[in-house]
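Here is a walk through a structure for someone meeting it for the first time. Keep the sequence and the 3D view open beside you as you read.

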Amino acid sequence: MKFGVLLFLAVASLSGAQAQLAAPQVPATQAPQPSAIRFEDASDAAGINFVHSIGSAKLGSLIEDTGAGCVWFDYNNSGLPSLYVVNGRPMDDSMHPFPLSVKPATPPHNHLYRNDGSGKFTDVTQKAGLNPDMYSFAVAAADYDNDGNEDLLVTGYGKVVLYRNDGNGHFTDVTEKAGIKVDGWAISSTWLDYDKDGCLDLFVGRYVKYDPKYKLFYAPDGYAGPLDFEGTTNMLFHNNCDGTFTDVTKKSGIGDYVGRTMGVTAADFDNDGWDDIYVANDRTENFLFHNKHDGTFEEIANDTGTAYGQNGESTSSMGPVFADLEGRGVLDLWVTDGRYNRLLHNTNAPALGSSSASESAVKLGFEDLGATNGVSQANAQYASWGTGVYDFDNDGLLDILVFHGSLVQMIPEEHTVFRGLGGGKFADVSSTAGPVLSERTTARGACFADYENNGKVGAYVVNLGAKGTLVRNTSTNTGHWIAVKLVGTKSNRDGIGARIEVDAAGKRWTAERVAGSGYLSQDDGRVHFGLGALSTIDKLTVKWPSGREQTLERLDVDRVLTVQEPQ
Amino acid sequence: MNSSETATRAPEILIWKDKMKKLLCRVLWMSVLAVAAVQFAAAAPASNIAKPKAPAIPEMPRFRFENFTTANGLPNNHVFAVLVDGNRIWVGTENGLALYENHAWKVFTTADGLAHRAVLSLALDKRTGDVWAGTMGGLSRISAGRIDSYTQLNSGLSNDVVYGVSVEGENVWVATAAGACRLDLHTGQWSLYNERNTPMFEIWAYGVSATPTKVYFAVWGSGVLEYDQKTGRWDRYDDPDGENEVVVMKDQGLIHEIVSSVSYVDNILWASTYFGNSRYDGRYWHNFLKKDSGLPSNFTNQVKGVDGKRAWFSTDKGLAYYDGVNWAVYRPSLSTGKPEMTVRDAEGHVTPVPVTTAPAHNYILGVDFQGGDIWVATAKGLSHGIREK
């Protein structure tokens with residue numbers, strides 16, 4: 001045998017043996033790269049000094065512990081999302097177990113912070129007239145009258161207020177004129193065009209039939225909780241396309257279900273082209289209202305595995321978010337709650353537009369992945385509230401940011417960010433994502449936006465009875481991105497309910513333009529996609545609620561793209 | 001070098017090269033054969049190959065135990081607590097407080113002013129040398145031979161049943177059967193903590209670990225209570241799956257609500273419960289159960305952290321030591337009663353280590369350290385573990 005051949009044989013054998021011997025030491029999956037996701041507290045630098053009020057001297061009731069939410073919306077069409085945050089306030093002393101002995105001269109109120117660019121904001125609440133006389137909980141924004149200006153629906157104790165954007169920086173209360181009347185505890189809302197007539201309809205979630213006189217005996221039990229009060233129904237208002245609404249709660253079937261609503265959201269989870277509604281209920285089975293295309297809904301949460309927690313319990317569900325977590329072209333469902341949270345993998349939704357999508361025979365369902373991918377384990381020690389599912393580092397994979405804060409006793413908790421690894425897997429990178437996530441607060445609602453138009457999605461989080469936090473995204477080594485602003489013509493002007501698909505280098509990202517999302521809040525209406533290293537988009541497709549399908553090709557990235565529905 | 005020299009040496013070089021080539025060939029053949037043998041062995045059925053070499057036993061502390069009972073000076077064999085103060089060993093028993101010094105015992109009883117004969121907990125004020133003893137009938141301070149006792153009738157003590165005591169600076173923190181409290185030694189004022197002013201759902205405080213930054217309470221049935229010395233803020237850590245004895249997800253949070261002791265050292269919280277143990281770094285929990293660690297039992301009376309990585313666990317089935325990777329268990333055998341030591345490595349291999357002594361009993365209630373030695377409170381006597389290697 002030639003010497004060279006022998007040498008090759010020996011080296012080959014030796015290296016083979018080494019590989020075999022070394023194999024057990026190689027981890028089954030490579031350790032994730034150090035996260036580029038980082039956040040910082042930018043509240044002071046931005047000039048946002050919002051302080052949430054529980055309205056009393058000490059936390060003592062379900063109302064006070066509910067907290068509040070916020071919305072990012074471009075009220076002045078500046079191309080920059082502004083921030084509206086809602087607030088509690090002292091009510092009649094009979095409503096508070098520990099009323100303030102001295103009431104503030106100027107009651108705490110909701111605030112509108114105008115985005116001036118460069119990360120700076122100005123409080124323009126008074127000029128905007130957005131200070132309802134109400135203990136507020138949540139807000140949702142939409143151009144309900146299709147006039148090109150974003151309007152607001154604020155939910156609170158005893159009523160809701162619909163603010164029409166006058167187009168000059170001022171808003172007018174048109175609730176009564178619009179025919180919207182909601183009694184009881186209106187806690188959250190979302191906009192959707194459930195009948196696809198081009199005008200946005202309104203879903204209002206209600207919590208419980210609250211009785212301030214009911215108290216618990218044992219002090220550590222805190223206040224009377226959700227199960228101590230009778231549940232109530234949610235409400236649905238049909239937009240008559242003339243500035244008025246009709247209460248279709250009963251007609252639609254929504255009114256047949258009594259729950260204890262917290263966060264609500266709407267999206268087309270089954271790809272049939274019609275938006276459905278998910279209601280996160282507190283200590284009660286959740287609702288998934290499936291749109292039957294005829295103005296009515298059927299409640300299918302139990303059948304689809306979305307009604308209860310992982311162990312079959314009625315969880316304290318808080319913030320629901322629809323998102324295509326695995327890049328499959330179907331919307332999965334992420335729901336924060338008082339314990340394990342739910343990462344619900346959509347198991348059987350047909351492709352959008354496929355023949356089977358409209359077939360009622362398709363068995364729809366969700367499977368909880370949280371127990372197997374570590375997400376539930378990491379969240380178990382917290383009560384989770386405001387949340388957003390975004391590609392915070394623009395690596396092409398969706399991440400999850402969750403804000404925590406204890407129930408009942410106002411104990412602050414740190415917060416968690418999960419970096420998406422693809423395939424429904426996540427890595428908890430909270431401890432390296434900046435001090436702001438380790439700063440313990442009693443978080444409640446949170447809203448998300450790329451408020452600097454730099455492709456990095458940040459957040460604002462309302463902290464119970466404390467100063468809120470503007471969470472600025474300072475991630476490094478981020479990838480390319482695109483944000484899509486929709487302008488509907490035949491469809492509703494916001495394009496709410498439109499499905500967007502981005503194709504690049506053989507990959508596809510899918511998202512739907514939604515309104516309400518997470519806990520008591522709504523994110524910026526521009527739909528954000530992280531693209532990783534891909535610097536060109538081959539094709540961007542918008543499937544409008546009107547049924548029109550619009551395709552744009554060869555697009556540059558790292559920008560906000562406005563897409564107008566063809567006339 | 002001239003040309004003739006070259007011509008003369010050329011054949012030698014060729015011969016040498018040839019020899020070297022043959023040698024290399026032989027070495028390479030041997031390598032090939034050796035590697036092939038290794039690969040064959042790896043592929044061969046287990047029955048045909050030699051047993052793999054036994055894993056090396058991790059080096060863990062070894063002790064020679066000297067045990068004390070009523071036969072050699074202890075006032076009672078039921079030892080609830082042990083405290084080391086240099087060469088003085090304080091021992092809380094069911095029938096008095098014992099001091100072991102210079103190979104002699106001295107016993108303090110209610111006749112000396114001790115609040116109650118049953119001494120459940122002990123703490124040292126390192127500034128003054130005072131010893132604080134929590135008893136079934138109040139809290140006693142032993143100072144230069146004098147004993148002062150505090151009860152719920154003569155002081156602000158929450159309750160006379162004092163399960164835990166810890167001294168930090170000028171504060172004595174106390175865990176009682178009806179809430180927690182703090183004595184400010186400077187002002188003499190008591191502060192009471194219970195369900196009304198803390199998130200303490202149950203008020204059965206079982207242990208306390210006080211440091212200048214944080215104070216932790218073990219609360220029987222209500223998890224761990226944390227007091228932040230800087231902010232004055234209270235926090236509570238619970239078992240996410242409530243009071244179930246089933247662990248829904250590993251490392252999801254505190255292992256159980258029934259917490260028997262806490263130990264805060266190097267910014268790490270160690271917590272023992274009757275259903276396993278937990279380590280908390282301020283964000284993440286790591287739990288230890290019998291089934292996935294070297295613990296001899298989940299029922300743990302006390303955990304005492306050496307530092308953020310190492311800890312001693314006093315269980316009902318022996319004393320366990322964890323060095324951050326490996327475990328050692330010291331006890332009289334549960335079946336034969338003979339001295340027993342086992343070591344469990346990171347892979348879970350458990351190896352017995354020959355020993356001739358063991359703690360006085362396998363029901364362990366607490367430990368304290370004296371240099372490399374340990375002192376162990378057991379249900380049937382006190383043990384002195386004299387470090388051998």
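**A walk through the strands and cores**

In strand β25(B), V329(B) is the bridge partner of A320(B). What you are looking at is a predicted model, in which local features need pLDDT of at least 70, side-chain atom pairs count only at pLDDT 80 or more, and totals for chains, interfaces and linings use all residues. Residues are numbered from 1 along each chain as its sequence is written, while chains are lettered from A and ligands numbered from 1 in the order in which they are written.

Let us stay with that bridge for a moment. Strands here are DSSP runs of E with at least two residues, helices are runs of H or I with at least four residues, and both are numbered from the N terminus. Two strands pair if DSSP finds at least two bridges between them. Strand β24(B) and strand β25 (residues 327–332) of chain B run antiparallel and are joined by four bridges. The hairpin of β24(B) and β25(B) has four residues between its strands, and in it G324(B) takes a positive phi near 100°.

On to the other partner of this strand: β23(B) and β24(B) run antiparallel, with five bridges joining them. In β24(B), Y322(B) is the bridge partner of A311(B). These two strands, β23(B) and β24(B), form a hairpin with two residues between them.

Is β24(B) mostly covered or mostly uncovered? Five of the five residues in strand β24 (residues 318–322) of chain B are buried, and a residue is called buried if 20 or more other C-beta atoms lie within 10 Å of its own, exposed if 12 or fewer, and partly exposed in between, with C-beta atoms placed from the backbone. Both faces are covered, with G318(B), A320(B) and Y322(B) buried on one side and L319(B) and Y321(B) buried on the other.

Now step back to the sheet itself. Six strands of chain B form an open, antiparallel sheet in the order β22-β23-β24-β25-β26-β27. At its edges stand β22 (300–305) and β27 of chain B, each with a single partner strand, so one side of each is left without a neighbour in the sheet. From one strand to the next, the twist averages 20°. At one end of the order, β22(B) pairs with strand β23 (residues 311–315) of chain B in the antiparallel sense over five bridges.

Past this sheet you come to Y363(B), in the loop between β27 (350–353) and β28 (364–370) of chain B. Y363(B) counts as buried because it has 20 C-beta neighbours inside 10 Å. Leaving out residues up to four places away in sequence, Y363(B) touches D316(B), T378(B) and A379(B); two residues are in contact if their C-beta atoms, placed from the backbone, lie within 7 Å.

Another tyrosine to find is Y163(B), in strand β10 (residues 162–168) of chain B. Y163(B) counts as buried because it has 24 C-beta neighbours inside 10 Å. Its C-alpha atom is separated by 9.2 Å from that of L122(B), 41 residues apart along the chain.

For a contrast, look at D266(B), in the loop between β18 (259–265) and β19 (268–273) of chain B. D266(B) is exposed because it has 12 other C-beta atoms within 10 Å. Its phi is near 55°, a positive value in a residue other than glycine. Most residues other than glycine have a negative phi.

Chain B as a whole has one helix and 30 strands. Of its 389 residues, 47% are buried.

Finally, turn to chain A and the nonpolar cores. A nonpolar core is a set of buried Ala, Val, Leu, Ile, Met, Phe, Trp, Tyr and Cys residues joined through C-beta atoms within 7 Å. The largest one has 136 residues, of which C70(A), Y84(A), V139(A) and Y460(A) touch the most other members. Strand β6 (residues 136–142) of chain A gives this core its largest share, six residues. A second, separate core has 103 residues, including A98(B), V219(B), V224(B) and M341(B).

Chain A also has an open sheet of four strands, paired antiparallel in the order β17-β18-β19-β20. Its edge strands are β17 (261–267) and β20 (297–299) of chain A, each pairing on one side only.

Definitions and conventions. Axes fitted to C-alpha atoms, helices over the stretch in contact; angles between N-to-C directions.
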